[in-house]
Amino acid sequence: MKKNIVKIIMWILFWFYLIPYYLLKKFVFKKNKHQVFWANCVTIALFVLLSLAVSPSSTTTTSSNEDALAKSSRVVHKTITKKVGTKELNKEKARAKVLKQEQKNKQAEYDKLKQQLDDYQEKEKQQKQQKQEAEQARKRAEAAAKKEAKARQKEAEEQQKAAQRQEANTSSSSSSSSSSNSSASSNQGDLYTGNQGTIVGNSNSKIYHVPGQAGYHMNSANAVYFNSEQDAINAGYRKAKR
């Protein structure tokens, strides 16, 4: 406030000094060689005389005028401040609005990127889960295949063992039957066909033996003698295999 009052007073004094100086220089001391010097001197003298001629009432009036001027300048200053503040406020509001819109756009972009990231993470999680499920299914299939193969191998081994046992039992039975037949053949009968020197037939088995074959024991009561093999064949007998 004081600075503004001082500026106004200095501005008034400047024009108060400049106008007489210009008039004196232009018209009074126009033809004088030292017109600038004399114009300054006369202007200063007039300024001093005018200052001395001012009474206290005029001083009061001047003070009141200065107060009124200060008040008016204050009002003007307030008005200017208010206008400038409103303008700046509007600018700040516009700037804040732009910043708010930019922030809103950035927030929307951030939300979009976050949603894309969440979708990607969810997709990656699903793919990982599917991969784990596929791996578990593969392991289960491999375990089931190994178990089935092992069961089949065990079954094949059991079948092979059963076949071997059956073959061993069959061989044993055949051997036992052969042995028993040989024993029975060797133990039964009081006639040995290998020593007869002629064709001898067994009436029970309808088998005949010729000299030169391996003989066997038979009951003499069942012995039938033939003169030729044809006679034995005609009688319904067949030749022994050994």
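Visitor: What makes a residue one that Tyr208 touches?
Guide: In this predicted model, a contact needs heavy atoms within 4.5 Å. Leaving out residues up to four places away in sequence, Tyr208 touches a list that includes Ile199, Val200, Gly201, Ala232, Tyr237 and Arg238.

Visitor: Which residues make up the largest nonpolar core?
Guide: Tyr208 is one of its 6 residues, together with Ile199, Val210, Phe226, Ala232 and Tyr237. A second, separate core has 5 residues, among them Leu191, Val200, Tyr216 and Ala223.

Visitor: Why is Asn222 called buried?
Guide: Its relative accessible area is 17%, and buried means under 20%. Asn222 therefore counts as buried. This residue sits in the loop between strand S4 (217-218) and strand S5 (223-226). Apart from neighbours within four places in sequence, Asn222 is in contact with Gly201, Asn202, Ser203 and Asn204. Of the 242 residues in the chain, 11% are buried.

Visitor: Why is Ile44 called partly exposed?
Guide: Ile44 has a relative accessible area of 47%. Partly exposed lies between the 20% limit for buried and the 50% limit for exposed, so Ile44 gets that label. Ile44 belongs to helix H2 (residues 35-53). With Leu46, Val48, Leu49 and Leu52, Ile44 makes a nonpolar surface patch of about 500 Å².

Visitor: How do you know that Lys114 forms a salt bridge with Asp118?
Guide: The closest N and O atoms of the two are 3.5 Å apart. The cut-off is 4 Å, so the pair qualifies. Lys114 and Asp118 are 4 residues apart in helix H3, which means about one helical turn separates them. Lys114, at 40% relative accessible area, is partly exposed, and so is Asp118, at 32%.

Visitor: What makes Arg152 exposed or buried?
Guide: Arg152 has 55% relative accessibility. Exposed means over 50%, so Arg152 counts as exposed. Its side chain meets that of Glu148 in a salt bridge of 2.7 Å, N to O. Glu148 is partly exposed at 42%. Both residues lie in helix H3, 4 residues apart. Elsewhere, salt bridges that share partners join Glu135, Arg138 and Glu142 into one network.

Visitor: How many salt bridges does the structure hold?
Guide: There are 5. Another of these pairs is Arg95 with Glu92, whose closest N and O atoms are 3.3 Å apart. Both lie in helix H3 (residues 56-187), 3 residues from each other.

Notes. Residues are numbered from 1 along each chain as its sequence is written. This is a predicted model: local features need pLDDT of at least 70, side-chain atom pairs count only at pLDDT 80 or more; totals for chains, interfaces and linings use all residues. Side-chain values use heavy atoms; hydrogens and water are left out. A nonpolar core is a set of buried Ala, Val, Leu, Ile, Met, Phe, Trp, Tyr and Cys residues joined through side-chain atoms within 4.5 Å. Buried means under 20% relative accessible area, exposed over 50%, partly exposed in between (1.4 Å probe, protein chains only). Helices (H or I, at least four residues) and strands (E, at least two) are DSSP runs, numbered from the N terminus. Patches are made of residues with over 30% relative accessible area and no salt bridge: like charges are joined within 9 Å, nonpolar side chains (Val, Leu, Ile, Met, Phe, Trp, Tyr) within 5 Å. Accessible areas come from the Shrake-Rupley method with a 1.4 Å probe; for residues, only the protein chains shown count as cover.
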